[in-house]
Amino acid sequence: MKADPSAVATGVHFIDGDEACAEGAIAAGCRFVAGYPITPSTEVVEHIARRFPKIGGMFIQMEDEIASSICIQGAVWAGCKSMTVTSGPGFSLMMEHVGLAAITETPCVFVNVQRGGPSTGLPTLPGQADVMQARWGSHGDYEIIALAPSTPQECFDHIITAFNLAEKYRVPVFFMMDECVGHMLGKVRIPAADRIEIAERKFTTRKPGEYLPFKVYEGDQPEMVKAGMGHNIHVTGLTHDERGYPAMNAEAQDRLITRLCRKILDHTDEIAMYEEDGIDGSDVTIVSYGITSRVAARAVELARAQGIKVGLLRLITLWPFSDRLIQDVASKTKSLIVAEMNMGQMVLEVERAVHGKVPVHLMGSAGGAIIEPEAILARIKEVAS
Amino acid sequence: MTTQVDTEDKPSPAKGEVYITKERCKGCSFCVAFCPTNALGMTKKMNAKGYNLPELTAPEKCNGCDLCGLYCPDFAIFGVRRKKPEKKGEQA
Amino acid sequence: MTTKPVNPVEPLLRMDRIPHIWCPGCGIGTSVNCFARAIEKADIPHDKLHVVSGIGCTGRVAGYVNLDSFHTTHGRAIPFATGLALARPEAKVVVYSGDGDMFAIGGNHFIHAARRNVDLTVICVNNLTYGMTGGQVTPTTPLSAKASTMPYGNFEDTFNLPNLAEACGAVFVARWTVFHVRQLVRSMTKALQRKGFTFIEIIAPCPTLYQRRNKLGDGAATLKYYKEKSIIKNGASTAEAGLGFQSEIVVGEFVERERPTFTENYAARMKEVLGASFVPYEGPK
């Protein structure tokens, strides 16, 4: 379906990534946001707080991030598209409810404008060190989807993708911004509402008595439902059967957890979004994402100017991680450098997928400042020589 | 699901009667302890789980107040008032 | 042929999940009986009534009621319910959970939902202990009472729940024990019919883990203690409602007042400031 024209701020704007993210969420049909102030994500909820009363949305600033991350799930079960927004320590607090959203298959979006950590770390400075936390932060086994935008325009475009994926796969989706992308001003083109494709939540059409809320009738997902449809649903964070009733035994666990993982992993290649440039026949390929991928692009330019054959793979989808994509890249290049603003997180996935086929190097940093293009260039030269 | 009620109790001139689902009872004796007319008593009879069961030991005293139903934590007993027999035009 | 009457609690229950997990003499089931009758009296259609629970023995209530019901995470029933209630203003949302869940791990959420006057009915079965995990001390375990993590007797002061609820802004505050079933039905009915944050504390036995450890007899003995030691004081100051070990228990309806709800305040403020450009939230699109 198309976005709501009465809410979409169609036009060309000069705004930062945080505001673009908020506008994208509005375009995506999000009408419930719960959040808690935390730098550098606060501008997202501030913008939502200004905009929502004019478009029929409901925003609430909760008492903490634990509350925010479950408040949105109450709203989802009322039928709303919902999100919460946070950074650093707030993201840590939300992990409990990432697990709840995963096991209850509650479609929702978690925005994390990453800053330097751990703990209070660097509130006003960037980092990309939460990408593994997004993947593994809650206890237990589950799969999620995570996207990393690199420009304010992508903050708008891909938060819509995030909402659409949440609906399609009934899964929490992480929008892994960073302080730089969030506070960076840029031109953001917001299309006319009828040019914005958004996923409609498809509620079951089965009658009460003929519907089980966690039974897969077709495809990979159970059919969505909301409170008040007459199905008397039961939703629990306990391991449950197709009725949604607690079923605490190994068989039920195996059935549920396997399905929760497979419904994402079996679609890894459909979910994978990326951009590649000059990989085929290169001596070195940089793998990067978020703000660092823009720096890497500059480093690639500099290296090419010096005659080095360098490719660039920019990941937009971080999770599920596409082994096939990396293996394909590894077959076309002689070595890989993973550039990321952390001490080495996605590089572990790349190494795993490449499985020794070509050398994999890390261009990491502890965060706090973007990695300079010259630093990446130096690494390229080192690896290419 | 239909209610499984056990109505061994004989009809009596009492104002009320109780229904007990024996297999749900856990023998807590709330119903007996707080029956305002002392119509109920605990027995030595047990259900399959080994819990002692209450019984309408003085059926003539039951007024159908349903306090047993309000107290019973296991949804195993409840009381109803009998319809007055002299009333004309009883519902079919 | 006469039809057999149905237990009045059954229309509210998921009968395919009965018998429940609660121990003999536990008071939670008794509170559910009262809840079923209150729903009937309050005349709320079942599709407009949702129950949200946290974790623990009382947290299992959500799993037994045949309504749209949500068994959330430990301590977080209230923020989940807040999202559900704000996003679905036509429904009545009830939070049904225990003292440990709601006042230890969930204490922060309780005070803020009461302050905001979110339209929720909050029912706390206070059995003075963590039952599911084996009888640990909670914020309401009386001084000197033993708990598995207070083997020498509790030395921490307790919360007076009605007083806390009143201080935080609840518009209706009542306390009963599970002995007071008829009064409980009445108060639950009132709470369900009222707009805003309404709170009912239900003092209940945990014979397996609180009464036994403290040598207080079984559930029935505990209800007899409630009968003997409760003092009904409707309209009493909640400051008088503190509980000690096997002390007198002040019960009654303590607070009834009017305050605009979160949603009403939101709409009023936005209308005033934004005028015609305010678009009220009207449920999910």
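I call a residue buried when its relative accessible area is under 20%, exposed when over 50%, and partly exposed in between (1.4 Å probe, protein chains only). The model is predicted, so I take local features at pLDDT of at least 70 and side-chain atom pairs only at pLDDT 80 or more, while totals for chains, interfaces and linings use all residues. Residues are numbered from 1 along each chain as its sequence is written, chains are lettered from A and ligands numbered from 1 in the order written, and side-chain values use heavy atoms, without hydrogens and water.

**Helix α7 of chain C**

I looked up α7(C), residues 181-193. Helices here are DSSP runs of H or I with at least four residues, strands are runs of E with at least two, and both are numbered from the N terminus. Its buried residues are C:Val181, C:Gln183, C:Leu184, C:Val185, C:Ser187, C:Met188, C:Thr189, C:Ala191 and C:Leu192. I then checked its length. The expected span is 1.5 Å times one less than the number of residues.

I traced an open sheet of nine strands with mixed pairing. The order is β10(A)-β2(C)-β1(C)-β3(C)-β4(C)-β6(C)-β5(C)-β8(C)-β7(C). Two strands pair if DSSP finds at least two bridges between them. At the edges stand β10 (234-236) of chain A and β7 (230-232) of chain C; each has a single partner strand, so one side of each has no neighbour in the sheet. Inside chain C, β5 (172-177) and β8 (249-256) pair antiparallel over four bridges. C:Val173 has C:Val255 as its bridge partner in β8(C).

**C:Gln136**

I found C:Gln136 in the loop between β4 (120-126) and α6 (161-168) of chain C. C:Gln136 is buried, at a relative accessible area of 19%. Leaving out residues up to four places away in sequence, C:Gln136 touches C:Thr129, C:Tyr130, C:Thr141, C:Ala147, C:Ser148 and C:Thr149. Contact means heavy atoms within 4.5 Å. C:His180 is 44 residues from C:Gln136 in sequence and 26 Å away in space, C-alpha to C-alpha.

**Between chains**

Two pairs of chains are in contact, and chains A and C share the most contacts. No contact joins chains A and B; their closest C-alpha atoms lie 13 Å apart. Chain B gives 27 residues and chain C 34 residues to their contact. I also looked for salt bridges (a side-chain nitrogen of Lys or Arg within 4 Å of a carboxyl oxygen of Asp or Glu). The rule finds two across the interface of chains B and C. C:Glu10 and B:Arg24 form a salt bridge through their side chains, at 3.1 Å, N to O.
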